[in-house]
Amino acid sequence: MNDLRIINIEKQYQQRQQKSDPAFSLQPLRLTINEGEFFSLLGPSGCGKTTLLKLVAGLMPADNGEIWVGDANVTTVPPEARRFAMVFQQSLLFPHMSVEDNVAFGLKMQKVSKKQRLVKAQDMLEHVGLKGYGQRFPDELSGGQQQRVALARALVANPQVLLMDEPFSALDPSLREEMRELLSRIQKEFRVTVLFVTHDREEAFYLSDRIGVMSEGALLQVGKARELHERPTSSKVASFLGLKNIIKGSVTGGYFTSKDNAFSFPVAKNTKAGHCFLILRPEVLQLVTVNTIPHSDSIQFSGVIQQMKFNHGFYSVKIKMGNYSLACSFTSQQAEGAAVGQEIDLMVSLNNAWLTEE
């Protein structure tokens with residue numbers, strides 16, 4: 001298996017633009033990306049995800065650590081000899097070359113015959129939905145079409161790993177969605193290993209088999225989209241993923257108690273005592289009605305409706321409880337009997353009351 005293995009890779013930037021700027025460092029990091037996997041690095045700007053991508057590509061040297069593909073150590077192998085391909089935010093096409101020649105350029109560098117490389121280029125253009133565009137020039141294409149050409153150019157050489165640095169960030173929302181669908185289909189078709197950098201949660205969740213969340217040069221958590229959403233390992237991960245209802249508190253004597261004492265409930269015996277955060281995802285909060293049958297493993301609490309907003313068939317509702325304003329979702333049917341200022345009861349399964357560290 002030609003898995004991509006990143007072993008204790010590390011990079012320190014000593015130079016600072018201003019004296020007040022801290023020196024950034026990519027902390028020692030271990031990560032295995034399986035052959036044929038679509039893996040995304042997700043994090044805010046400046047967190048180190050592009051630095052890690054460049055280290056993998058060989059565009060900058062690592063201070064420590066190793067990069068392996070299968071049984072080959074490629075840490076000191078020049079970028080052009082790694083059989084990796086890269087797609088950037090801008091398409092970086094050669095303006096004086098036709099689309100066909102742009103796609104075939106990598107094959108030309110590999111000494112593939114002209115006839116063979118043009119056949120492969122035309123075939124790849126068809127795969128990205130640009131059949132018949134081979135004789136056009138880049139300035140005759142839209143931004144989305146140029147990125148399709150860049151993708152075709154990257155894939156035509158059959159790379160071991162495809163590296164992508166926020167390739168759709170310059171496109172408008174409708175084109176981004178179109179390109180995501182195209183990339184997802186092509187990646188599955190060619191089973192190419194993809195390392196994808198993005199700050200867009202929706203993009204990462206849509207495309208990825210697994211996601212690595214990064215912050216301040218560290219890899220905080222790796223997992224599937226659902227795992228990250230339902231079981232974040234820290235409040236920092238939860239906050240970046242946009243999770244709602246993150247409540248500060250502590251576990252003492254087998255109970256979680258929120259800082260303002262609005263929440264208190266028993267926790268599992270193996271729960272570590274100390275400061276922590278409670279996460280109540282909006283979709284797990286149930287409205288209690290006269291017909292609701294409480295579960296033995298659930299907790300109930302009361303609050304006052306502060307706000308109701310209709311959104312795609314559901315109502316986004318804010319509930320005031322203690323010092324917190326909880327976000328939850330009501331169906332249109334549930335919302336019929338609810339109004340701003342009304343006191344209501346909510347219920348959540350203890351299994352969905354997720355506790356995580358700071």
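Trainee: Which residue in β19 is the bridge partner of Gly303?

Mentor: The bridge partner of Gly303 in β19 is Ile344. The model is predicted, so local features need pLDDT of at least 70 and side-chain atom pairs count only at pLDDT 80 or more, while totals for chains, interfaces and linings use all residues. Residues are numbered from 1 along each chain as its sequence is written, and side-chain values use heavy atoms, with hydrogens and water left out.

Trainee: What makes β16 and β19 a pair of strands?

Mentor: Strands are DSSP runs of E with at least two residues, helices are runs of H or I with at least four, and both are numbered from the N terminus. Two strands pair if DSSP finds at least two bridges between them. Seven bridges join β16 (residues 298-311) to β19 (residues 343-349), and the two run antiparallel; by the definition of at least two bridges, they therefore pair.

Trainee: Where do these strands stand in their sheet, and why are some called edge strands?

Mentor: The open sheet has five strands in the order β15-β19-β16-β17-β18, paired antiparallel. β15 (286-287) and β18 (324-331) are its edge strands, as each pairs on one side only.

Trainee: Why is the contact of Lys11 and Asp63 called a salt bridge?

Mentor: A salt bridge requires a side-chain nitrogen of Lys or Arg within 4 Å of a carboxyl oxygen of Asp or Glu. For Lys11 and Asp63 the N to O distance is 3.8 Å, so the pair meets the definition. Lys11 lies in strand β1 (residues 4-12) and Asp63 in the loop between α1 (49-57) and β4 (64-69), so the bridge ties together parts 52 residues apart in sequence. By this rule the count comes to ten salt bridges.

Trainee: How do you know whether Lys11 and Asp63 are buried or partly exposed?

Mentor: Buried means under 20% relative accessible area, exposed over 50%, and partly exposed in between (1.4 Å probe, protein chains only). Lys11 has 11% and is therefore buried, whereas Asp63, at 37%, counts as partly exposed.

Trainee: What makes Arg180 and Asp200 a salt bridge, and which parts does the pair tie together?

Mentor: The closest N and O atoms of Arg180 and Asp200 are 3.2 Å apart. Arg180 lies in helix α5 (residues 173-190) and Asp200 in the loop between β8 (193-198) and α6 (201-207), so the pair ties together parts 20 residues apart in sequence. Arg180 is buried at 7%, and Asp200 is partly exposed at 21%.

Trainee: How far apart in helix α5 are Arg185 and Glu189?

Mentor: Arg185 and Glu189 are four residues apart in helix α5, so about one helical turn separates them. Their closest N and O atoms are 3.6 Å apart, and they form a salt bridge.

Trainee: What makes a space a pocket, and which residues are closest to the centre of the largest pocket?

Mentor: On a 1 Å grid over the protein atoms alone, a pocket is an open set of points where a 1.4 Å probe fits, with protein on both sides within 12 Å along at least five of seven lines; lining residues have an atom within 4 Å of a point. The largest pocket holds about 740 Å³ of space. Of its 23 lining residues, the closest to its centre are Glu80, Phe84, Ala85, Met86 and Gly106.

Trainee: Which element gives the largest share of that lining?

Mentor: The largest share, four residues, comes from β6.

Methods:
Points joined across faces, edges and corners; volume = space filled by probe spheres on them.
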